[in-house]
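Me: I have a model open and some terms to sort out. Can we go through them one by one?

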Amino acid sequence: MSKMDNLRAMREARYAEAQKRAASTPTRPKAPVAPAASKRVAERAADATAADGLCGHRNMSGRTCTRESGHPQKSHRYS
Ligand SMILES: [Zn+2]
């Protein structure tokens, strides 16, 4: 029982800490992560990826995905 209380106290403390940090830190874009991730994707699909930072995925009719390279969406966009 005391162990459970202890766990809950720890969780609440961490939650409060996270809330405090979220309030004091300005929301930053995930800029450092995105370029590295898209670069990795670009390297893996080098043959299909365009050099302009687009996904470059080809669909069956030969159209190219117009989303950015390494886009988080699971579907590709061929508009
Ligand atoms: Zn795509």
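Predicted model: local features only at pLDDT ≥ 70, side-chain atom pairs only at ≥ 80, totals over all residues.

Me: What makes Cys55, Cys65, His71 and His76 donors of the zinc ion?
Reply: Distance. Donors are N, O and S atoms within 2.8 Å of the metal (3.2 Å for Na, K and Ca); water is not among the atoms, so sites may look incomplete. Here Cys55 (SG), Cys65 (SG), His71 (NE2) and His76 (ND1) lie 1.8 to 2.4 Å from the zinc ion. Along the chain, the donors follow the spacing C-x9-C-x5-H-x4-H.

Me: Why is the arrangement around the zinc ion called tetrahedral?
Reply: Four donors count as tetrahedral if all angles lie between 85 and 135 degrees. The four donor atoms subtend angles of 102 to 117°, so the arrangement is tetrahedral.

Me: How do you know whether Cys65 is buried or exposed?
Reply: Buried means under 20% relative accessible area, exposed over 50%, partly exposed in between (1.4 Å probe, protein chains only). Cys65 has 0%, so Cys65 is buried. Cys55, at 13%, is buried. His71, at 10%, counts as buried.

Me: Which residues does His71 touch, not counting those up to four places away in sequence?
Reply: Cys55, Cys65 and His76. Contact means heavy atoms within 4.5 Å.

Terms used:
Residues numbered from 1 in each chain as written. Heavy atoms only, no water. Tetrahedral: all angles 85-135°; square planar, octahedral: opposite > 155°, others 65-115°.
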